[in-house]
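Please look through the sequence and the model below before reading on.

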Amino acid sequence: MGNSFGFLSDDDDDLWDDQDYGMGYNVINFTVNAMDVQLRPQDYQPINLPVIREKPNLDKFQSTDMYKQIKSRSSLVNKATEQRWNLMQALQQRENGIASPGSESFSPNQQRYFANLYIPNQKAMRLMSLDAKVFVTKFNKSGSKLLTACQDGFVRIYDGSKGTYHLLNRINARDVQWSITDADFSPNGQHFAYSTWSRSFYIMPVNGSDDDCQWIDVNETSSSRVAIFSLRFSPTGDKIIGGSNNATVIVGDVATRATEIIRTHRTPITDVNAVSYVHDKDPNMIIAGCDDGLLKVYDLRTSFRARNLSKSVMSFIGHYDGITYIDSRNDGYHVLTNSKDQSIKIWDLRQPSNLRNRGCARQAQLSTKWDYRWDRVPREFYNPHKALDGDSSIMTYRGHRVSKTLLRAKFSPLEQTGQRFIYTGCATGRIIVYDVLTGRIREAIEGHRNVIRDLDWHPVRSEIVSSSWDSHVHLNNYNRNMATQCLKRRRSSAQDNRPLRRSRRLANRNLTPD
């Protein structure tokens, strides 16, 4: 299979943990007792998370319908007169036949409330060790298949239906050059498409071989070098959109292999790092995230009329630097964006920005010169003095680090969690899980030793599969002991910060040193 053996080196962390013994996956663990050889991994200290001084500002977000909807779906208290849902009381009511009206079990909202208590909080095991940096990790819609794409030029398909994740198919990608940059499953899950540093989309059947590859060439661009950084299948499966360099969004027809170009800027110097459909049931409205921090919405029925600059339906200003990923909430109104300015923002598409502030946004970006691929993150990005003029986002999350590559951030699954959380990779090697309602970090899962470029939450199981530039793919789930330790630390911190009683303060004041 090409990835059955892994050579042990000082870079392999926790390879000797008891939890990794006997997995039978892609890494062979061994010791040589006869020669009395003792191999020990080098101690690894994870990089600290950035320090965020200000508390999340919830004033605008708490008045939105999205905030109220998430609270309702999570069975949280909406009014002061309502009682907090109690599991023991709910179990007793179910036994007595007085549970939810017309139901003998818990309501879907109550099930989500219970599931949100047990979200992933620790690395469970290393699923696989590959031969190069891993760029893409993605489940299909049902969670029965897991796709990984690696810099070694192979796309691997794993069985995700039962949590065993054994290898089903291994396909040698074409024209990889630097790496496979993105991949996506078709709506029916029978095919997948991938992109590379080349001028083509590549389409493969999930159960196919290398010879079954089809491609869509991009011919309507003046540049000799084309790189497609992000792609998506349309909800109907007949088109593929891709964000490319030279300020273009490429729209390819799967049947005819014809392409059309949307030009996001007049001059071809701004990359389009991310693309997405606004809704998984609307094949016409797309959204593009540009490297100048601008977010643009296009209607595919009207956007091809202009020759030099395609007219957008609406635009959004708020990021100081380039957008790295877009994830839609699939309600037709809300999307989130991850950015090089070290923030995640949620946008309401019914509240576009005033383009009069675009000049100020451009000036703010030019004032900070840094290259996210190898430079240190500017300190002012973590704690900006004020929001960008014209910022129309409804919520901002800070606490993770974006550098080296285009990191992804996504909403947690709707049916399982009510989209209560946002999870993202981090350049510190952690998985960061934000609570959407509070803006705070709920979990920071350690395990990787390099940047986590992509990760995906299983649609029906409380599992996050993460892939990193350390060449490893990890399975992360809930650990009760870890949750107990975190709770004790929070309680201890709260007790340390609690003010002393007046009697204790007076007693301490009267104490005299020996």
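## Aromatic pairs

Phe-139 is buried, and Tyr-165 is buried as well. The model in which they are found is a predicted one. The two residues form an aromatic pair of the tilted kind, with 6.3 Å from centre to centre and 55° between the planes. Because Phe-139 belongs to strand S2 (residues 134-139) while Tyr-165 sits in the loop between strand S4 (154-159) and strand S5 (167-172), their pairing ties together parts that are 26 residues apart in sequence.

Another tilted pair is made by Tyr-397 and Tyr-434, whose ring centres are 5.7 Å apart and whose planes stand at 55°. This pair, too, links distant parts of the chain, with Tyr-397 in strand S21 (residues 395-398) and Tyr-434 in strand S24 (residues 431-435), 37 residues apart. Tyr-397 has a relative accessible area of 0% and is buried, and Tyr-434 is likewise buried with a relative accessible area of 0%.

These pairs are part of a count that comes to 13 aromatic pairs. Rings can also be joined into a group, as with Phe-114, Tyr-118 and Tyr-478, which ring pairs link into a cluster.

Lys-133 lies over the face of Trp-469, at 4.0 Å from the ring centre, and Arg-350 lies over the face of Tyr-333, at 4.1 Å from the ring centre.

## Salt bridges

Side chains of opposite charge can pair when their charged atoms come close. In this model the count comes to 20 salt bridges, and the table gives examples.

| Salt bridge | N to O distance |
|---|---|
| Lys-138 and Asp-184 | 3.7 Å |
| Asp-291 and Lys-340 | 2.5 Å |
| Lys-410 and Asp-454 | 3.2 Å |

In the salt bridge between Lys-138 and Asp-184, Lys-138 lies in strand S2 and Asp-184 in strand S6 (residues 180-185), so that the pair ties together parts that are 46 residues apart in sequence. Lys-138, with a relative accessible area of 17%, is buried, and Asp-184, with 7%, is buried too.

Asp-291 and Lys-340 meet in a salt bridge whose closest N and O atoms are 2.5 Å apart. The pair links distant parts of the chain, since Asp-291 is placed in the loop between strand S15 (282-290) and strand S16 (295-299) and Lys-340 in the loop between strand S19 (334-339) and strand S20 (343-348), 49 residues apart. How exposed or buried are the partners? Asp-291 is partly exposed, with a relative accessible area of 22%, whereas Lys-340 counts as buried at 6% relative accessibility.

The salt bridge of Lys-410 with Asp-454, where the closest N and O atoms are 3.2 Å apart, links distant parts of the chain: Lys-410 is in strand S22 (residues 409-411) and Asp-454 in strand S26 (residues 452-457), 44 residues apart. Lys-410 and Asp-454 are both buried. They also belong to a network of salt bridges that links Asp-182, Arg-232, Arg-408, Lys-410, Asp-454 and Asp-456.

The partner of S6 is strand S7 (residues 191-196), and the two pair in the antiparallel sense over five bridges. Phe-185 stands opposite Phe-192 in S7.

Notes:
Residues numbered from 1 in each chain as written. Predicted model: local features only at pLDDT ≥ 70, side-chain atom pairs only at ≥ 80, totals over all residues. Heavy atoms only, no water. Phe/Tyr/Trp six-rings, centres within 6.5 Å; stacked < 30°, edge-to-face > 60°. Helix = DSSP H or I, 4+ residues; strand = E, 2+ residues; numbered from the N terminus. Buried < 20%, exposed > 50% of the residue type's maximum accessible area, 1.4 Å probe, protein only. Lys NZ or Arg CZ within 6 Å of the ring centre and 35° of its normal. Salt bridge = Lys/Arg side-chain N within 4 Å of Asp/Glu carboxyl O. Pairing = 2+ DSSP bridges.
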